[in-house]
Amino acid sequence: MSEEKILDEDPRLDNEHWAGVLVQALPYFKHWVGKIVVVKYGGNAMLNEELKHDVMEDIVLLSTIGIHVVLVHGGGPEINNMLQRVGKESKFVNGLRYTDGETMDIVQMVLTGKLNKDIVGILLQQGGKAVGLSGVDSGLLRAKKISKDGADLGFVGEVTQVNPEIIQSLLSQGFIPVVSTVALGEEGDTNLYNINADTAAAKIAVALKAEKFVQLTNVPGVLRDINDPKSLLQRIHMSDVDDYIKNGTIAGGMIPKIECCMLARNGGVPRTHIIDGRVPHSLLIEMFSDRGIGTMIY
């Protein structure tokens with residue numbers, strides 16, 4: 001959208017306002033240039049095509065000014081849709097997707113094929129330099145098979161090793177690596193494994209010594225009252241997380257997201273955030289303003 005169009009629509013956005021925005025953003029530009037930021041883009045946050053393009057615009061802008069962005073994506077809803085299209089029922093064991101051989105083929109096809117290349121294509125259309133990877137490429141992610149409370153999950157794994165050289169090489173050349181979280185088994189294990197994208201993104205952030213780890217989700221962040229968006233907790237100290245879990249403030253699907261933030265933070269990543277990917281340009285607001293958005297774990 002051109003500046004002229006914005007000004008026509010909202011006369012309050014005059015030259016003084018724009019100058020103020022740029023002046024406020026300048027220190028953040030200076031801070032982030034040359035730093036690595038790992039963004040995990042959640043499956044549910046990817047469903048709105050207009051918002052998806054906004055996110056890609058943000059990432060291209062960050063890359064253009066010299067910030068090294070690594071985009072790690074999930075794709076649960078798309079995997080569910082494909083399984084439904086082929087007439088295969090999604091099966092979950094203790095909240096985790098059971099992944100038999102046929103399901104693993106579909107996971108690989110959707111994540112490393114369609115979704116990964118769709119994202120790369122949008123980034124290229126926005127003027128960015130992007131390369132799609134899976135965890136298999138150059139042995140980026142190695143994993144071992146896991147079970148849940150003794151139950152077999154099929155080809156579901158957890159990351160045991162991150163070999164970030166391929167990402168580092170691409171970043172040094174100005175590319176935006178786009179990573180889908182299918183991993184190769186450990187040495188001697190030729191199987192591929194379906195990996196939780198949040199956890200994989202956190203471990204990639206640690207391996208890259210990233211300055212910031214951001215999870216783009218479809219919720220505002222951690223809320224004191226789940227029914228009141230204004231009850232957002234903007235900052236949570238790591239020492240308070242257990243108490244928030246015990247009193248139910250952090251519950252359900254938010255628990256593993258917080259755990260991933262803590263994993264990254266304990267691994268040396270200075271800043272970890274959960275922000276609402278449904279808010280247009282939420283990534284830019286978080287990066288370049290003193291307002292911030294979502295919840296920061298510090």
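Axes here are lines fitted to C-alpha atoms, for helices over the stretch in contact, and the angle between two of them runs from 0 to 180 degrees between N-to-C directions. With that in hand, helix H7 (residues 197-207) and helix H9 (residues 254-266) have axes that come within 8 Å and cross at roughly 15 degrees. Angles under 35 degrees count as roughly parallel, so H7 is roughly parallel to H9. Keep in mind that this is a predicted model.

**Helices H7 and H9**

- As for handedness, H7 passes H9 in a right-handed crossing.
- On the H7 side, the residues that meet H9 are Asp198, Thr199, Ala202, Lys203 and Val206.
- Their partners in H9 are Lys257, Cys260, Leu263 and Ala264.
- Sorted by class, this contact has five nonpolar residues, one polar residue and three charged ones.

**Helices H4 and H5**

- The second pair is helix H4 (residues 76-85) and helix H5 (residues 101-125), with axes that come within 10 Å and cross at roughly 125 degrees.
- That angle makes H4 and H5 oblique to each other.
- H4 and H5 also make a right-handed crossing.
- From H4, the contact takes in Glu78, Ile79, Met82 and Leu83.
- From H5, it takes in Thr103, Ile106, Val107, Met109, Val110, Leu111 and Leu115.
- Split by class, the contact of H4 with H5 comes to nine nonpolar residues, one polar and one charged.

**The cysteines**

- If you're looking for disulfides, the structure holds zero of them.
- Cysteine 260, one of the H9 residues that meet H7, is in no disulfide, and its nearest cysteine sulfur, in cysteine 261, is 7.3 Å away.

**Positive phi in loops**

- Serine 138 has a phi near 55 degrees, which is a positive value in a residue other than glycine.
- You'll find serine 138 in the loop between strand S5 (130-134) and strand S6 (141-148).
- With 57% relative accessibility, serine 138 counts as exposed, the cut-off being over 50%.
- Histidine 281 is another residue other than glycine with a positive phi, near 60 degrees.
- The spot for histidine 281 is the loop between strand S13 (271-276) and helix H10 (282-288).
- At 28% relative accessibility, histidine 281 counts as partly exposed.

**Leucine 184 and its surroundings**

- Leucine 184 sits in strand S9 (residues 182-185).
- How far apart are leucine 184 and arginine 142 in sequence and in space? They are 42 residues apart along the sequence, and 5.1 Å apart in space from C-alpha to C-alpha.
- Setting aside neighbours within four places in sequence, leucine 184 is in contact with Val136, Leu141, Arg142 and Ala143, along with Asp189, Thr190, Asn191 and Leu192.

Methods:
Residues numbered from 1 in each chain as written. Predicted model: local features only at pLDDT ≥ 70, side-chain atom pairs only at ≥ 80, totals over all residues. Heavy atoms only, no water. Helix = DSSP H or I, 4+ residues; strand = E, 2+ residues; numbered from the N terminus. Parallel < 35°, antiparallel > 145°, perpendicular 65-115°, else oblique. Left-handed = near helix turned anticlockwise from the far one by under 90°. Contact = heavy atoms within 4.5 Å. Nonpolar A, V, L, I, M, F, W, Y, C, P; charged D, E, K, R; others polar. Disulfide = S-S within 2.5 Å. Buried < 20%, exposed > 50% of the residue type's maximum accessible area, 1.4 Å probe, protein only.
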